[in-house]
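Please read them with the structure open.

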Amino acid sequence: MSIRLSARGVTVHPEAAPAPILENADLELRAGEVHALVGPNGAGKSTLFGVLAGDIAPASGTVDLDGAPLAIIPPKDLARQRAVLLQQNDVAFAFTVEQVVRMGCAPWVRTEREDADDELVAAAMAATDITALRHRAVRSLSGGERARVALARVLAQDVGILLLDEPTAALDLRHQEDVLRIARDRAAAGAAVALVVHDLNAALAYGDRATLLSRGRVVATGSPTEVLTAERIEEVYGQPVDILTHPVTGTGVVVPKR
């Protein structure tokens, strides 16, 4: 599978910080795969995510998109190749749900792909279960509904790289599973998908690859079952666990020892 986005030896060290918050990190996002970024709070997941998105400039190391340095790609061209879902997606004005989702199509204004905007918006709203909310003001919605609107905007952008930072955090069980299935389906269609998730079971069930971070460093990268062993989880999280096998799916299930 082709590498779409890669970070090599990336270090982020803000001037005010006594130590790097991300140090010598490597990551590859490949077409056709869901790559889960996992680790404790403060491990550096969102920082690495920001570097991959082009929102954080590393102090050292390189980030390439399809072999080209990310830093030299114009913003409009970048927006036509990767879409970013942040943890916080505040809407300051009284935009409707449909208006916000349609903003995802902005990179394709005055291109031949503009003709597909209506279809993309409708499909994105249907996939995230917000079609019935299309005329509502986003500010009137619940936190979970707003999160689904933000994801629909990203889906309407219709690009080959999806960077999703904690996309399930505000959602109920059904919509968490919907989001993870969407990520899986986009990867199956050829996209490179990165998910920052706290749920290790989601990483095991839906990830093709996983990267575990701790204290700003990459601890391990590989298949989720290779990365998320009971011994490594206890070492990184400080919580003893058992890894059981799901009786139906056969995937690993992390169960804390209590």
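**Notes on the sheet and its helices**

1. Six strands make up an open sheet, and their order is 6-7-8-3-9-10. The pairing is mixed. Strand 6 (82–85) and strand 10 (217–222) are the edge strands, each pairing on one side only. From one strand to the next, the twist averages 15 degrees. Keep in mind that this is a predicted model.

2. Strand 7 (residues 161–165) and strand 8 (residues 192–196) run parallel. Five bridges join them. Asp165 has Val196 of strand 8 opposite it.

3. Which strands does helix 1 touch? Helix 1 (residues 45–53) packs on the sheet and touches strand 3 (34–38), strand 6, strand 7, strand 8 and strand 9 (209–214). The direction of helix 1 makes about 150 degrees with that of strand 7.

4. Helix 5 (residues 143–157) lies across strand 6 and strand 7. Relative to strand 6, helix 5 runs at about 180 degrees.

5. Helix 5 also packs with helix 6 (residues 173–188). The angle is about 10 degrees, and the axes are 12 Å apart. Angles under 35 degrees count as roughly parallel, so helix 5 and helix 6 are roughly parallel to each other.

6. Which residues make this contact? Helix 5 supplies Arg148, Leu151 and Leu155. Helix 6 supplies His175, Val179, Ile182 and Arg186. By class, the contact of helix 5 with helix 6 has four nonpolar residues, one polar and two charged.

Technical notes. Residues are numbered from 1 along each chain as its sequence is written. This is a predicted model: local features need pLDDT of at least 70, side-chain atom pairs count only at pLDDT 80 or more; totals for chains, interfaces and linings use all residues. Side-chain values use heavy atoms; hydrogens and water are left out. Two strands pair if DSSP finds at least two bridges between them. Helices (H or I, at least four residues) and strands (E, at least two) are DSSP runs, numbered from the N terminus. Axes are lines fitted to C-alpha atoms, for helices over the stretch in contact, and angles run from 0 to 180 degrees between N-to-C directions. Contact means heavy atoms within 4.5 Å. Angles under 35 degrees count as roughly parallel, over 145 as roughly antiparallel, 65 to 115 as roughly perpendicular and the rest as oblique. Ala, Val, Leu, Ile, Met, Phe, Trp, Tyr, Cys and Pro count as nonpolar, Asp, Glu, Lys and Arg as charged, and the others, Gly among them, as polar.
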